[in-house]
Structures are given as structure tokens and as C-alpha cells.
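Subject: Structure for your review

Dear colleague,

Please find the sequence and structure below. My notes on what was found follow directly after them.

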Amino acid sequence: MQAIVLVGGEGTRLRPLTYGTPKPMVPIMNVPFLARTMERLYEAEIRDVILAAGYMPQSIVDYFGDGSKLGMKITYAIEAVPLGTAGALKNVEQHVTGPFFVLNGDILTSLDLRAMRRYHEKKGGIATLHLIRVDDPSPFGCVVHDANGRVSAFVEKPPKGEEPTNEINAGTYLLEREILDLIPPGRNVSIERSTFPEAIAQGRAIYAYTTADYWLDLGRPEQYLAAHRDVLSGAMPLALEPGLTGAGCSALQGHPGVVPPVHCASDVVADPSAVIGPNVVLGRGCSIGAGAVVRESVLWDRVSVGAGAVIEEAIVAGGVTIGPDAHIARGSVIGHDVTIEPGARLEPGARVGSGEGIAG
């Protein structure tokens with residue numbers, strides 16, 4: 001069994017984080033998200049993976065190499081121009097040898113791929129789609145199917161109140177190789193809008209695989225923070241014990257200002273008077289000054305927080321310096337290597353790009 005992971009998006013909704021880091025390499029609990037996906041594939045006994053990349057591909061290649069360090073084989077397909085979900089699959093057709101999984105590269109889920117494979121083999125269709133139920137399906141692609149799971153229609157982003165179902169496309173597919181015959185080469189094609197409807201029109205069987213697994217699209221900053229809260233709380237299983245975790249957690253053991261859950265990489269330094277948590281992730285080499293407060297936030301590697309600074313519900317990329325008594329308000333996103341001057345105050349939802357400085 002092979003897998004194709006679609007990692008070509010620019011991650012525009014996560015800017016300015018993705019100016020310096022491609023979306024698949026944005027860390028979840030201090031590990032690139034794509035590495036989490038590769039772990040899931042390995043656990044599902046999938047060793048042959050094709051990465052369909054486009055934006056800043058070199059950092060992906062540099063991190064994963066040929067996959068041998070993971071006990072896997074990785075093939076890269078770099079798109080000069082975006083080809084869409086189906087176009088990306090057609091672009092790697094020469095590497096596909098049989099049935100294969102397709103995973104959207106920005107979905108965090110606890111889906112059991114082996115169980116989905118068994119279901120697909122039992123049904124015998126040309127494709128199986130993972131679906132989940134949501135309270136508001138209007139922002140998503142709805143998938144209509146019968147009692148036997150056979151899909152009859154796709155409805156993309158229906159008007160609110162007119163949704164035909166609350167089951168939505170969750171971004172993981174298991175496909176037979178022959179579906180590639182339905183995709184025209186060399187151009188941008190959507191599998192949801194073109195290929196799947198074409199397969200149904202030809203009488204080919206597509207089946208829905210609906211589960212109640214954890215599922216979250218990491219495309220926006222608020223979802224990125226929610227993903228960390230869910231991992232820290234255990235709502236999204238990621239083999240973490242509750243409380244204070246991570247390679248650097250021993251440095252914070254007994255710290256009076258730590259409010260679990262907190263996840264901490266190595267080489268973190270925190271003043272005893274600082275308040276850290278709850279729901280905080282600290283990257284490698286972070287430092288937290290005297291009287292500083294960090295709550296409900298994710299700090300990447302080498303973030304320096306000055307004395308008396310306050311950070312709440314924010315994402316701070318690597319190499320950022322936050323001056324003493326600065327206030328980073330809720331919803332703020334700070335890009336790589338930004339300097340926030342002492343006493344500066346960011347408005348809620350602020351976006352500060354890489355290399356900028358904010359005066360106090």
C-alpha cells in the first residue's frame with residue numbers, strides 16, 4: 001500500500017507563520033506536522049510515500065530526505081504550478097503501483113487507516129472517502145450517500161440551512177489506481193468537484209466511511225491553537241501524559257508559576273516568578289523573564305520573553321524577541337525573527353510579519 005500526501009499549499013491563512021515555514025512543517029507539539037502524519041502512516045504499515053509538494057519544498061526534502069531514517073521510502077513530486085487535488089495525483093501517476101491512500105496535508109485526525117483499508121476492501125469500490133459529522137456543514141464539502149454507504153452526490157459549501165447532510169469530506173481517501181484514468185494530465189483539477197462526480201456519472205462505486213474520530217483542519221491560527229489544546233487535554237490522542245510534558249519538562253518541575261498542561265522542549269529557561277500555562281507549548285531554547293505571563297499560547301524555538309511581558313492566546317514563530325512589559329493580545333500571530341519593543345501593545349488579532357519590529 002502506498003500513500004500520497006498533498007503538501008503543496010502555501011498556507012496563506014497561517015501567514016505570517018508560513019512566510020518562513022511551509023505549512024506541512026509548521027510544528028505541532030514541537031514536531032513538524034508532516035512528521036506526525038508520517039508517524040500515522042508508519043503505524044498503518046505504509047512504507048512507500050509520495051509527497052506532492054510545491055511551496056518551499058526544499059525544507060521538506062531537507063528534513064525527511066529519502067525517508068530511510070524513518071524506515072520508509074519517500075518520493076517527491078514538486079509542482080511548478082499548483083495542480084489541485086486530482087492534478088497532483090495525476091502528476092505522480094508513474095509512481096503509483098496499486099491502491100493508495102491520499103491525505104490532505106493539513107488535517108489532524110485520529111482516523112484508523114487500517115480500519116479504513118479493511119472497509120475499502122470489503123466494499124470493493126473505486127474509492128472510499130473518510131467522512132465526519134459536524135454541527136455546521138455549510139463551510140465544507142457535503143457528501144450524500146445511501147444506507148449502504150454508496151455516494152450519490154457532492155455538494156460544496158451549501159448555503160447555511162440548505163445542507164443535504166451533516167457528513168462532510170474529511171480529506172482522507174483510499175483510491176484504486178484506475179481512478180487516475182479519469183483525470184486529465186497537465187492541468188489543475190479538483191478531485192472533489194470533478195473527478196469524484198465524473199466517477200459517479202460513469203456508474204463507478206464510491207463509498208463513504210463515516211467515523212467519529214477526532215478531526216481538525218489546521219488551516220487557520222485559531223484552529224492551530226485549538227489543536228494544541230486538544231492534544232494537551234487528551235481530546236486528540238498523541239501519546240502524551242497529562243500535566244507537564246516534553247523533553248525539557250524537568251527544567252520546569254517544581255516551578256511555582258507553571259499551570260499544567262504545559263509542553264516544553266529542551267533548553268528552556270524560565271524565571272521562578274513567571275507564570276506559564278495553562279495550555280502552553282514552548283519550543284527549544286525559549287526563555288521567559290521575571291514576572292512574565294504566557295497563557296494559552298504556542299511559542300516556537302528560541303523565543304525570548306522579557307520581564308513583565310504578557311502573551312495570551314497567541315502564536316509566536318521562531319527567533320522572536322518580546323521586550324519587557326510588552327503585551328501580546330489574544331489572537332495575535334507573530335512571524336519569524338520579529339522584535340517587539342519594550343512596552344509595546346499588540347491589538348487583538350494582530351499579524352506581525354517576519355523581520356518587522358513593533359515599537360513600544
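The largest nonpolar core has 34 residues, of which Leu252, Ile288, Leu299, Ile322, Ile334 and Ile340 touch the most other members. A nonpolar core is here a set of buried Ala, Val, Leu, Ile, Met, Phe, Trp, Tyr and Cys residues joined through side-chain atoms within 4.5 Å. Buried means under 20% relative accessible area, exposed over 50%, and partly exposed in between, with a 1.4 Å probe and protein chains only. Strands β15 (262-264) and β18 (280-282) each supply at least two residues of this core. Apart from it lies another core, of 31 residues, including Ala86, Leu129, Tyr173 and Ile206.

The model is predicted: local features need pLDDT of at least 70, side-chain atom pairs count only at pLDDT 80 or more, and totals for chains, interfaces and linings use all residues. Residues are numbered from 1 along each chain as its sequence is written, and side-chain values use heavy atoms, with hydrogens and water left out.

Leaving aside residues up to four places away in sequence, Ile334 touches Pro16, Leu17, Ile315, Val316, Ala317, Val320, Ile328, Ile340, Leu346 and Val352. Contact means heavy atoms within 4.5 Å.

Helices (H or I, at least four residues) and strands (E, at least two) are DSSP runs, numbered from the N terminus. In helix α6 (residues 191-201), the residues Ile191, Glu192, Thr195, Phe196 and Ala199 are buried. They lie on the same side of α6 because they cover an arc of only 110° around the axis, the arc being that of the directions from the helix axis to the C-beta atoms. Arg193 and Ala201 are exposed, on the face of α6 turned away from its buried side. The partners against which the buried residues of α6 pack are α4 (84-91), β8 (127-133), β10 (151-156), β11 (167-175) and β12 (206-210). Just after α6, Gly203 takes a positive phi of about 85°.

Nine of the nine residues of β11 are buried, as are four of the five in β12.

With kind regards
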